[in-house]
Each structure stands twice: as structure tokens, then as C-alpha cells.
Amino acid sequence: MRREHQLKMITIWGGWYGSRNVGDQALLITIAELLRKTIGEMKLVVLTDNPQHVKDYMRRETMCEVEALHNRREFLRVVRLLAHSDLFIFGGGVPFYENLDHVLAMALLVGIARTFKTPYMLWAVSSQEVHSPFARRVFRWVLEGAIGVTYRDEHTANLFRSCGFRGTMEQVHDPGFWLAPVSDAEAREIIGRARGVRYPDRPLVALTPRHLAGGEAKSGRHFKPKKEEQYDREVDCFATVLDWCWENGFQPIFVPMHVVSPDDDRLAASRIVDRARNGVHALSIQEEVEPRQTPAVYQQCAFSFVARVHGSISSAIGGCPVGMYAFAPKYVGIMRAMGLEEYCIHEESVSLQTIHEVLQRLHLNRQLIRNKFAEQIEFFKESALKPALLARQILLNREL
């Protein structure tokens with residue numbers, strides 16, 4: 001029998017919520033805000049490997065009550081929590097990938113929820129390539145027990161279909177589109193503290209690479225670790241972008257979205273600066289930029305070129321035209337969802353000609369893209385609200 005509690009208790013798992021990644025922080029912040037917008041006061045419990053960090057940034061960023069539990073060290077509390085939760089959410093990000101430990105953890109958590117008849121839903125989830133037959137069987141079992149399935153990109157829908165899922169699912173936009181940016185003045189202060197020589201007569205172009213060195217295999221990330229030659233390809237691509245920007249009158253500036261080892265974007269920026277002919281002219285933000293600061297920083301730029309999903313989303317929020325280095329399906333998926341797939345440079349087909357063609361299009365169509373963002377941002381937000389409305393309906397149905 002469920003215990004009575006005044007506030008609705010909602011548990012969320014699935015993203016890298018304990019990481020110092022701006023994108024994962026943005027996901028949790030906006031999901032919490034959307035739940036509060038649709039449900040009202042509630043208790044949100046986050047399952048994470050870094051509870052204290054989650055508590056710290058959520059205390060600063062949201063007004064809802066948030067608790068965080070360690071996935072493994074507090075497992076008995078996690079079981080009790082799932083038994084008494086009103087709703088269990090797989091929240092945003094990329095919870096569908098084939099790492100065995102992760103797949104088993106997903107199966108265990110869903111098994112607990114189903115045992116105690118706790119409803120669960122998928123909130124704008126995304127995925128990586130999945131080839132493991134075992135993972136696909138688990139994913140089908142997870143999907144078939146969900147009250148609602150919403151996904152972020154068509155690649156993920158295709159994966160779910162290939163797993164044998166034939167239920168109803170809906171494509172929605174990322175909750176990050178609801179992120180409210182800080183003031184222009186705060187963004188300019190961050191840019192002013194960037195390392196390097198500023199050329200005031202040149203418009204800024206934001207560069208957000210990501211560190212793809214093989215060391216990430218040990219950190220259990222959700223994408224397959226890249227070989228050194230693949231990382232070199234990304235570095236070469238960004239070096240070419242940097243050179244093109246400088247030679248066409250722009251001021252390149254590196255904007256990191258993760259500054260903690262081993263996934264430190266500043267390591268990639270340093271390597272790109274060394275590789276580029278004009279690397280000495282690039283600015284580099286060295287501090288940890290917070291989720292609400294990132295869109296405001298991009299807003300100060302003529303355009304951006306990124307290798308992070310929430311780099312593109314933050315650019316859109318700031319009205320900043322964006323190009324993407326797409327090294328996994330989710331990167332193409334997010335750009336396609338915004339109608340910007342033509343500004344993707346695919347890892348497998350990167351070339352000097354392709355880079356120059358994409359940058360030239362991005363440069364020439366900057367104002368068109370800005371206008372498009374201005375027209376569509378409310379649509380993106382309306383779409384991103386749908387999972388929160390679904391969550392509210394699930395909770396209302398449980399009261400009947």
C-alpha cells in the first residue's frame with residue numbers, strides 16, 4: 001500500500017544528471033520547471049552518481065523541492081522511493097545505448113517500478129546506435145510497459161521500431177528550449193574574461209568542440225569512444241573552421257560546455273588552437289559557463305559551430321545561427337528537428353570543401369536563420385511542453 005504524502009513525488013533517471021555537463025544540467029533544470037508549471041508543487045527525486053552536485057545547482061536554479069539519491073550506494077532507498085513514487089520518468093538525454101551495465105540498471109529500475117505498479121514514462125529521450133540483441137530485447141520490454149513514450153529524434157523512433165515496439169509514441173522537442181538566459185551584461189562579462197587578445201572590430205563566432213579522446217572509454221560515456229584518428233578529424237575540422245572565421249573577418253571564441261576531466265572541452269580547444277594557422281587569434285573562455293549563461297553568450301555571436309547537442313539548442317535560444325560537427329546520430333537528429341540539417345558536417349564525410357561550403361551557407365543565411373529562430377522558438381517550447389502535460393495526465397488518472 002502506498003504511503004500518503006501531500007506533494008506528488010516524481011522520480012527521474014536517465015541522463016547524466018550528476019555530470020558537470022551544461023547540457024545535462026539544462027535538461028534537469030527545464031524538466032523540473034516544466035513539471036512545476038503543469039503540476040504545481042511537487043517533490044522531485046533525482047537518481048544520480050553525484051547527488052551533491054545535483055542538489056547544489058538545482059537549489060540555485062529551481063524553486064521546486066529536489067532530492068538526489070546515489071544510484072548504487074543508496075539502492076535500498078531507491079527501491080523504497082520507486083515503490084512510493086507517483087511517477088517514474090526517463091528524463092531527456094540519451095538513456096538508450098548498449099553499455100551492458102547501463103542496460104541492466106535500466107532493466108532493474110523498470111522491474112522495480114513494474115513490481116510496485118508505479119507508472120513510468122519516457123521524456124523526449126534520444127539514443128545512440130544499438131546493435132546488441134540483448135539490449136534491444138530489454139528496450140522493447142521497457143517501452144511496452146511505459147505509460148507514454150516521447151522521443152527527440154527520428155533516429156530514436158527507428159531504433160524503437162527495430163526493437164519490435166509497435167506502440168504509440170510522439171516526437172517532441174528537447175526541454176532545454178525552455179531555458180531562460182541571463183542578461184546580455186552578464187554574458188559580456190564572461191566574454192570579457194576570456195583568455196586571448198580581443199579584436200573589437202570583428203564579430204564573434206562561438207566554437208564549441210568536445211574532447212573525444214579514447215580515455216572516455218573508462219568513464220562509461222554513452223557514445224562509443226573515438227579512435228585517435230577520429231578525434232584528429234574533429235580537431236582538423238574545427239581548426240579549419242577557426243581559420244575560415246579569422247580569414248573572413250570574424251573573431252573565433254571557444255565556449256566550453258564541460259570543463260571537468262576527462263571530458264574537458266578546453267582540451268579540445270587547446271589542441272585546435274595548436275593545429276590552426278590562426279589559432280593565436282582565438283579567444284578561449286576558461287571558466288565553467290552555467291546553463292543559463294550559455295545561450296546569452298551565444299547571443300553575442302554572429303553564428304556558432306558546435307559539437308554538442310545543447311550547444312545547438314543554446315544557440316537557438318540565443319537566436320544564434322548554428323552549424324554542427326555531427327559525429328553521432330543524435331547530432332544530426334537535433335539539427336533536423338530544428339530544420340538545420342544542411343548545416344551539419346558529418347564525421348564520415350568531412351572535407352575542406354564541405355567545411356567551406358557549410359560555413360559559407362551559414363554566413364550568407366545568418367539573418368534568415370535568426371528570423372527562423374524568432375518565428376519557431378515558441379513552437380519548439382510548445383512541443384517541449386507536451387511530456388509535462390502527459391505527466392500531469394498520468395497523475396490525474398491515478399487519482400480517479
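The structure examined here is a predicted model, in which the protein chain has a mean pLDDT of 93 and 95% of its residues reach 70 or more. An exception is found over residues 215-220, where pLDDT stays under 50 and for which the model has nine contacts beyond four places in sequence. Where pLDDT is low, the predicted coordinates should not be read in detail.

The buried residues of α9 are Asp265, Ala268, Ala269 and Ile272. These residues are placed on the same side of α9, because the arc that they cover around the axis is only 100 degrees. The elements that cover the buried residues of α9 include strand β8 (204-208), helix α8 (228-247) and strand β9 (251-254).

When its neighbours within four places in sequence are left aside, phenylalanine 254 is in contact with Leu207, Pro209, Leu242, Ala269, Ile272, Val273, Ala282, Leu283, Ser284 and Ile285. By contrast, the C-alpha atoms of phenylalanine 254 and arginine 73, which are 181 residues apart along the chain, are separated by 37 Å.

A one-sided arrangement of buried residues is also found in helix α2 (residues 51-61), whose buried residues are Pro51, His53, Val54, Tyr57, Met58 and Glu61. Viewed down the axis of α2, these residues fall within an arc of 160 degrees, so they line one face of the helix. The exposed residues Arg59 and Arg60 are carried on the face of α2 that is turned away from its buried side. Among the elements covering the buried residues of α2 are α1 (22-39), β2 (42-48) and β3 (65-70).

Positive phi values were computed for two residues discussed here, lysine 117 and alanine 124. Lysine 117, which is not a glycine, has a positive phi of about 55 degrees and lies in the loop between α4 (100-115) and β5 (120-125). At 66% relative accessibility, lysine 117 counts as exposed, since the cut-off for that class is over 50%. Alanine 124, likewise a residue other than glycine, has a positive phi near 50 degrees, but alanine 124 is found within strand β5 and counts as buried, with a relative accessibility of 0%.

Methionine 324 is located in strand β12 (residues 322-326) and is buried, with a relative accessible area of 0%. Not counting residues up to four places away in sequence, methionine 324 touches Phe305, Val306, Ala307, Arg308, Val309, Ser312, Tyr331, Ile334, Met335, Tyr343, Cys344 and Ile345. Between methionine 324 and tryptophan 141, which are 183 residues apart in sequence, the C-alpha to C-alpha separation in space is 34 Å.

Cysteine 163 has its place in the loop between α6 (154-162) and β7 (170-171), where it is buried, with a relative accessible area of 8%. With residues up to four places away in sequence not counted, cysteine 163 touches Arg136, Phe139 and Arg140. Of these, phenylalanine 139 is 24 residues apart from cysteine 163 in sequence, and the two are 6.9 Å apart in space, C-alpha to C-alpha.

Technical notes: Residues are numbered from 1 along each chain as its sequence is written. This is a predicted model: local features need pLDDT of at least 70, side-chain atom pairs count only at pLDDT 80 or more; totals for chains, interfaces and linings use all residues. Side-chain values use heavy atoms; hydrogens and water are left out. pLDDT is the predictor's confidence in each residue, from 0 to 100. Contact means heavy atoms within 4.5 Å. Buried means under 20% relative accessible area, exposed over 50%, partly exposed in between (1.4 Å probe, protein chains only). Helices (H or I, at least four residues) and strands (E, at least two) are DSSP runs, numbered from the N terminus. The arc is that of the directions from the helix axis to the C-beta atoms.
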